[in-house]
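Please open the model in your viewer and keep the selection tool at hand. The tour goes step by step, with a word at each stop on what to select and what is there.

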Amino acid sequence: MTFTMRDKKMVIVGGGSGIARRLAADAAEAGATVVLAGREPRTLDLPGVTTARVDLGDEDSIRALAAQVGSWDHLVSLAANHTGGPVTGLAREAITRAFDAKVIGPLLLAKHFAPAARDGGSILLFSGFAAWRPAPGLSVMATTNGAVGHLAEALAVELAPVRVNALSPGIVDSGSWDRLGADRDTFFADTAARNPARRVGRPADIASAALLTLTNPFMTGSTVHVDGGGRLV
Ligand SMILES: NC(=O)c1ccc[n+]([C@@H]2O[C@H](COP(=O)([O-])OP(=O)(O)OC[C@H]3O[C@@H](n4cnc5c(N)ncnc54)[C@H](OP(=O)(O)O)[C@@H]3O)[C@@H](O)[C@H]2O)c1
């Protein structure tokens, strides 16, 4: 049996993310109509993809997006607003923004979108391998990403038969590491040398796993690790 995206409506939140944009393109190519939503809607000039505005720190915008979308088949949140550094120097507002993007926002997405899920509907939330590799300066990232897995389990039970899963990427060349400038390539080379898969991830690797979790009818309450084995070494 094959699982299809044809004529499905997919909502993707975190539209500026490189992984989100690749997922939108792949889902549209597979026949879905896609609403790519973000704080600053950026167009993706592809047939079947429209953009919308949402800020996961603003419940009114989540409510408005749900009303605009109506019924849906697949809902994905890739939003992240990380904060790092020693725990002794963390600002409360930055911690709150990180939890809004990864935990509180997805809970509110579930609140406002669940009533309009179509038969066979599914939700995918984005975690990250830092949850399994805590390190000094990464306490907020580890905690928010860890919470995502538990949130997916809880929602899988509460929203059944809507399926809810989490995906945990490792280091992916999604564009978000470009902020490292000249150090980026060294960081990727070091990561690839250490990863059991001997490479860093590409957005296409993550998009293909996302489509699997969204469409497999027996997968719910799972966290899928797509990290090149990076959390193990
Ligand atoms: N790339 C990696 O190596 C890696 C590793 C582990 C986990 N992940 C996870 O995988 C996901 C995608 O990663 P990525 O690198 O493609 O994405 P990214 O570059 O980190 O982009 C995250 C997106 O989230 C959006 N966002 C932040 N706060 C938001 C809010 N309150 N409401 C709505 N959107 C908000 C940002 O929007 P603006 O553009 O408006 O700022 C941005 O477009 C993230 O959840 C990330 O934590 C990635």
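How do the residues of the shell around the ligand divide into nonpolar, polar and charged? In this predicted model, the shell divides into 12 nonpolar, 12 polar and 4 charged residues.

Begin by selecting the ligand together with the 28 residues that surround it, and then highlight the closest of them, which are Ser17, Arg39, Leu56, Ser174 and Trp177. If you display pockets, you will find that the space taken by the ligand is the largest pocket.

Now turn to the polar atoms. Select leucine 56, where a polar backbone atom lies 2.8 Å from a nitrogen atom of the ligand, and then alanine 80, where a backbone N or O atom is 3.1 Å from an oxygen atom of the ligand. At serine 174 the side chain takes part, with a polar atom placed 2.6 Å from an oxygen atom of the ligand. Of the 890 Å² of accessible area that the ligand has on its own, the protein covers 88%.

Stay with serine 174 for the last stop, and follow the chain to see that serine 174 is in the loop between strand 6 (163–169) and helix 5 (184–194). Its side chain is joined to that of serine 176 by a polar contact of 3.0 Å.

Note on methods:
Residues numbered from 1 in each chain as written. Predicted model: local features only at pLDDT ≥ 70, side-chain atom pairs only at ≥ 80, totals over all residues. Heavy atoms only, no water. Near = heavy atom within 4 Å. Polar contact = N/O pair within 3.5 Å; in protein donor to acceptor, adjacent residues only side chain to side chain. Areas by Shrake-Rupley, 256 points an atom, 1.4 Å probe, with all protein chains shown as cover. 1 Å grid on protein atoms, 1.4 Å probe; cavity = no way out; pocket = protein on both sides within 12 Å on 5 of 7 lines; lining within 4 Å. Sits in = over half its atoms within 2 Å of the grid points. Nonpolar A, V, L, I, M, F, W, Y, C, P; charged D, E, K, R; others polar. Helix = DSSP H or I, 4+ residues; strand = E, 2+ residues; numbered from the N terminus.
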